[in-house]
Amino acid sequence: MSYTTQTQTSMEAAGESAGNEFLAFTLGREEYGIDILRVQEIRGYEPVTRIANAPDFIKGVVNLRGTIVPVVDMRIKFDLGTPTYDQFTVVIILNIGGRVVGMVVDSVSDVTTLTPEQIRPAPEIGTTFDTDYLIGLGTLDERMLILVDIDKLMSSAEMGLIEKLAA
Amino acid sequence: MTIDMSQFYQVFFDEADELLAEMEKLLLALDVSAPDSEDLNAIFRAAHSIKGGAATFAFTDITEVTHMLESLLDRIRKGEMALTPEHVDAFLVAKDVLTMQMDGHHHGSSVDQAAVDNVCQRLKALSQGIVADAPAAAASPSPAAAAPEPVAAPVMDADGNCRFRIELPEVPQKDVDALAAELGLLGTIEQETLDDKRAVFILTTGESQDNIVAICSFVLDPDDLKITYDAAPAAASAGAAPSTPVEDPGYGIFEPEKGSAVAPQASTPAADAAAAVPAGEVKNYGRRATDKEGASQESSSIRVSVEKVDQLINLVGELVITQAMIEQRIAALDPLHHERLLNSAGQLARNTRDLQEAVMSIRMMPMDYVFSRFPRMVRDLAAKLGKKVEFVTRGAATELDKGLIERIVDPLTHLVRNSVDHGIEMPDRRKANGKTEAGKLVLSAAHQGGNIVIEVSDDGGGLNRDRILAKAKAQGLPVSDAMPDADVWQLIFAPGFSTAEVVTDVSGRGVGMDVVKRNITAMGGTVDIRSIPGTGTTIAISLPLTLAILDGMSVKVGEEIYILPLGYVIESLQPAAVDVKEVAGQGKVVKVREEYLPLIPLYQIFAIDPRFEDPSQGIIVILESDGKKAALLVDSLVGQQQVVVKNLESNFRKVAGISGATILGDGGVSLILDVSALLRSSRQLNADPVFF
């Protein structure tokens, strides 16, 4: 429930400044941010149906109100933290260009508004993500959010979620 | 073989109603000076579809009108004739007439034959390029019938009396006299007779129009009554010079020489003007009567968008999951203490199941629903064309989503008609070519891989490559002689393309294939043509299985459950250890009924930890696809159920060996095996699946 209220307050804030809103989540000890507009909903982790011969980080597919949605575990993909599945494990359901994907993360913290000044370019080293998939680093008081270009990441061949068009 | 065609009438009426409404909408939106060719095509297609349907059900009167409408539209569409407002008017009148005819067939309401003839003549005149002359214009409701309408407010004379003009429909003379006597009590009454023997009263009274209607309704239906305010004396009493008709542009009924402001005289031209438009008026009455009858008959079916049904199915799916959750929770409760709760939960389970079944049944129908309307059509067509056709259907039990089934009807109708008309040759020609006199037309449906394939195939003359190319060139399509056959065949899907020498009532306008392609593409399917000159043509429609239901057998390997499409399953058994043999260390074969079948261990292909690796402990399912057999090794059989096929690729990519997914009763996802792919891999007889 707290997500909703926070979203609303920060939406009001967004009306005043030209900043973008980001959903902050954690993977291991790192804190990440993605564009809130790509987030469809946040759910608890449910058992998935495994897909044979798929890479480890593709946990499988789940039934989301009648549609079949693949679930990827970012902790496995980027080797961050230990992939445990309990009642605190969170799945962020993303809607990217009409395609729905579930993303397993350790936890979701809040929605923050970042002004362009608060976003610094990402350094060439130091993150597990290829810098191609990063928007930059967001600073918020003492916190640092690694801002991920989730559209680009999820559509990438590396994730293998979408059939390559050339094929 | 007799088929009760009336079971399909409702579908035709529903469809035709929709098409007519669509046609009217397009006509009204049409810009006469610069008509959009797409719109013209759409109007034309609507007329064509109605004609096709009407012909199927032998509603010849509707066929006649639509045929004329279509011919005219076709000429306009091809630019042979410029579109004028007269055309649009005529089309709209034709649409009204069609609606009336449709109601006539549907509800048995009366059809005004005069209006029908009128429209036919008008359409004929227009298609012969004759500009609508006076009588034709009079038949149009817009100029003539509209004339009395602009009478605005009741105009009273000095005594507070109004003059009403009351036109009666055709009623016996004694009723007219009785009415005249009754109305005479209200004020002064004058009686006239129209050209078509109908009586007209001119009543000057202080009573309101409602009272007049109330009196008349003792004798006749008020809807058939036409009451207008006769403004003639009002204009006179207002002191307006009668010689200035400009003041009454809406009427056009005053003639200067009738200028003397005497009321009865002034009303005569009005009566004449009204008398000049009997055709339009008659049509009006007819329409009103049918409207009334139509409204009193409740529609027995409603058409709901597929989206809404989908939403319903998904919601019910959610409900089933929730119900399963409740069941799980209460399973742990002590039945003694919670007897009533458990009873209620049991009832909920039953109701949920019934609801799910009911909702699912909305969508699924056997192909028979479509196929069964063809034998009669083919028979009639063949008889009409003097051909002999043997009609065969296969796979009529294949179930298809209702949404798809309804949309496949039109394309299939066109294809079947084309096959009979163009494909199959005349008996003497067939004989000369060494074929049987009767042509064979096969309509078949089958699940194939992830698709349902519906084929219309005839053993007729095949497509004529040269003629198609010549015609394409004549139409200015980009073609070359070196094009591969498949590309040439696709040309017949271009709008307005037909190679038939004669445009017949049956087909040949080239509109059919255009519609076919359009409809199939809209459903996400493809149309393929295979044709061999002199041997026949097969048109294969392939539709995605996304919406289709599947009879599935669920099998378990390790902890995972997979669905096998039942159509591929021949049998399942537990083999004896001696029947399983190794082949050169590459893989295993199983001996089943004196036949060696390659063994496909599912656990190996999908990297699962099985309960049994030894085939003699597990179960083998014998599968057959494309004439090849193989034995699939699984741990156990779970059951047989109907599942709704969900697309895996809408949010994910294609997975080798998997054709789709489905949602199980507990809300979990189960994957549907792609049997053809599995069998292809088995040909290699080795442990490494080739498809990954």
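Student: How is B:Ser37 classed by its C-beta neighbours inside 10 Å, and what are the packing and pairing of the elements of its chain?

Tutor: B:Ser37 counts as partly exposed because it has 13 C-beta neighbours inside 10 Å; with C-beta atoms placed from the backbone, a residue is buried if 20 or more other C-beta atoms lie within 10 Å of its own, exposed if 12 or fewer, and partly exposed in between. This is a predicted model, in which local features need pLDDT of at least 70 and side-chain atom pairs count only at pLDDT 80 or more, while totals for chains, interfaces and linings use all residues. Residues are numbered from 1 along each chain as its sequence is written, and chains are lettered from A and ligands numbered from 1 in the order in which they are written.

B:Ser37 belongs to helix 2 (residues 37-56) of chain B; helices (H or I, at least four residues) and strands (E, at least two) are DSSP runs, numbered from the N terminus. Between the C-alpha atoms of B:Ser37 and B:Gly79 the separation is 9.4 Å, although the two residues are 42 residues apart along the chain.

Chain B as a whole contains 23 helices and 22 strands. Of its 692 residues, 36% are buried. Among contacts in chain B with a separation of 6 or more, 67% join residues 24 or more positions apart, a contact being a pair of residues whose C-beta atoms, placed from the backbone, lie within 7 Å.

Consider next the helix packing. Helix 3 (residues 60-77) of chain B packs on helix 4 of chain B at an angle of about 160 degrees, with the axes 10 Å apart; axes are lines fitted to C-alpha atoms, for helices over the stretch in contact, and angles run from 0 to 180 degrees between N-to-C directions.

The contact of helix 4 with helix 5 of chain B has nine nonpolar, two polar and two charged residues.

As for strands, six of them in chain B form an open sheet of mixed pairing in the order 14-18-19-17-16-15, where two strands pair if DSSP finds at least two bridges between them. Strand 14 (569-573) and strand 15 (580-583) of chain B are the edge strands, each pairing on one side only. Strand 17 (residues 595-601) and strand 19 (residues 628-634) of chain B run parallel and are joined by three bridges. In strand 19 of chain B, B:Ala631 stands opposite B:Leu599.

Finally, the contact between the chains takes 22 residues from chain B and 21 residues from chain A. Helix 13 of chain B provides the largest share of the side of chain B that touches chain A, four residues.

Definitions and conventions: Two residues are in contact if their C-beta atoms, placed from the backbone, lie within 7 Å. Ala, Val, Leu, Ile, Met, Phe, Trp, Tyr, Cys and Pro count as nonpolar, Asp, Glu, Lys and Arg as charged, and the others, Gly among them, as polar.
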